[in-house]
Amino acid sequence: MALSESQIPPDAQHYLVCGTEDCEKNCQFYCNDCHQPMCEQCRDEHQKKKKTKSHEVVSYKQRKRLLPVEKCKIHPTRSIELLCEECQIPICPICATTKEHRDHVFIYLEVVFAEKCSLCNVEITKIRSYFEPTSQDLKKEIAGDVTEIKKIMEDIRASMKAEAEAVKKLVDTVTSDKIKQVNKIEQSLLHTLNGQNQEIDDYNNYLNGLVQKYYGYLSPSNIEQLKFFLKSENFIIRPIPETSKPVPPVFIAGQNSKEDVAKLLGRITVPNTKPENRKIKPMETASTELKPTGKQRKQDREKSDVKQTLSLSSSVTEVRENTVPSVDEVYHISLGKSGKLWISDFYGNLVQTDLQGNQLQKIQTSGGYGYHTVTQDGDLIYTDKKTKVINRITPDNTITALIKTGDWKSISIHSSPINRDILVGMRKDRKAKVTRYNKTGTEIQNIERDIKGQGLYRKPHYITENINGDVCVSDVKNDAVVVVDKSGQHRFSYTGQRSGFNPNGICTDILGHILVCDIFKGTVHLLDQDGQFLSLLLTSQQGVYIPRSVCVDDENNLWVGESITNTVTVYKYLQ
């Protein structure tokens, strides 16, 4: 069942019905005088009626917001419609005639409300285009500082450990030298003591010999011994040799404190410097990421001029139909330079054609869904899901490996015309993400989860970028178009109208519209850049049956490729 206007959040994608009784078509317009949403047919009838042909009918997004109806507490039969500028209070027309408000100036609340709504929209635009991206840039800068500080502190820790190891080695060396000195002293003292011990041993041997001699005198064996003994007048014994006690060395322990050791290991200091404030880009230049060249500025002016003159046509017109050779189906279309296109099927046949469908060249690849794109320089970039390599082919047919995705399998790719970045949708096991690389293949951003930590994607088979930098992904597993801003913050997810939605090919146009194929119902949905459903742009009534791929060319024509045939149909939907 379609939602009524009062049930729809202001930022939600939704299906809004026409406000005309018994009309259930989707609303695209709004009458500011009647405060009524209208479909295209009811708008035409409304502007033909004599009473309402002068009413102001605008697109729904440009509508005047409806004021809440509230009765005056003093005059219950009248509604509050005016604002007293002097008293700054809302009043009814009868209150304006009383003496309390005599000679005061009054303004219609509707006018004041419209002005405030306009100011509010301006502030929302400022927040979206400046404050949010700038604050996200600051977050990235802070994250970079966190990484740098961690690296610096790790280097300091490594230096301190190295210094400690050096001191340990020095201590070990000095200790070894001192132990050698102790060993030498010990050897000297032991040598002296051993000499004294030997001298005592020699003296004892002398005494033993002397005792034996005297015993011989006591028992002479012959007259000669007796005669010698009788002649001896006294007996002389050598004195005991003198010895000295050793004087051992004394160890005096060093008086080292923790502070002395700390001095040996150096010290860490925090410079007494006032932190430098981070630079915040001024608002007028905050959205400028690349300085455009003269040629680029000219192209931007031309696009701006075209944008101001373009609007949605009241009907879609078929321009032509091409049959693409060498492919079985049209799974993806990439617009190249000089009116050339690259068209592929699921089985790896990648064909370059001109605008009339004539084949210019063919490449055999591993196949897939939205797996190729063309850069601003005219290079073809395509993913190889088997080798997990993203290849680049220059206009002179030089093939180089641009990016290796490791364990991740790349399944969709888009080259940004805004800043030449390369957006790649990837899968690994049950995880999925979008990775941003710069034009040289250096990874600069990963988009995987929302602010609650929930995974954003499951199968990002098609990917594109809107004029405001939003990254738009067709996720066939989530049955949703998932849109994040350029900082990676989730903006909205579009899940179709009512039940059954299987998004595939996706693209955007010069007005910021999002166009996405729904192969489940055989339609092409048209959304604004905030995810609001505008219309079913193509249905079976226009001869579309299973649309798989979409692309908008430089002339703002819509190219639609079918899933079961090798035909591409070109439509005009802007005027």
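Here is a short chat about how some terms apply to this predicted model.

Modeller: Before we start, this is a predicted model, where local features need pLDDT of at least 70, side-chain atom pairs count only at pLDDT 80 or more, and totals for chains, interfaces and linings use all residues. Residues are numbered from 1 along each chain as its sequence is written, and side-chain values use heavy atoms, with hydrogens and water left out.

Colleague: Thanks! Why is T539 called buried?

Modeller: Buried means under 20% relative accessible area, exposed means over 50%, and partly exposed is in between (1.4 Å probe, protein chains only). T539 has a relative accessible area of 17%, so T539 is buried.

Colleague: And what makes I149 partly exposed?

Modeller: I149 has 48% relative accessibility, so I149 counts as partly exposed. I149 lies in helix α2 (residues 109-218); helices (H or I, at least four residues) and strands (E, at least two) are DSSP runs, numbered from the N terminus.

Colleague: What is T539 in contact with, leaving aside its neighbours within four places in sequence?

Modeller: Contact means heavy atoms within 4.5 Å. With those neighbours left aside, T539 is in contact with G522, T523 and V544.

Colleague: What makes D145 and R278 a salt bridge?

Modeller: A salt bridge is a side-chain nitrogen of Lys or Arg within 4 Å of a carboxyl oxygen of Asp or Glu. For the side chains of D145 and R278, the N to O distance is 2.4 Å, and they meet in a salt bridge. This pair links distant parts of the chain, 133 residues apart. Both join E141 in a network of salt bridges.

Colleague: How many salt bridges does a search of the whole structure find?

Modeller: The search finds 13 salt bridges. Another pair is D377 with R420, whose closest N and O atoms are 3.0 Å apart. D377 lies in the loop between β12 (372-374) and β13 (380-384) and R420 in the loop between β16 (409-415) and β17 (422-428), so the pair ties together parts 43 residues apart in sequence.

Colleague: Why can such side chains pair at all?

Modeller: Side chains of opposite charge can pair when their charged atoms come close.

Colleague: One last thing: what joins the side chains of H55 and H46?

Modeller: A polar contact of 3.4 Å joins them. The term means a pair of N or O atoms within 3.5 Å; within protein, one must be able to donate a hydrogen and the other to accept it, and residues adjacent in sequence count only if both atoms are side-chain atoms.
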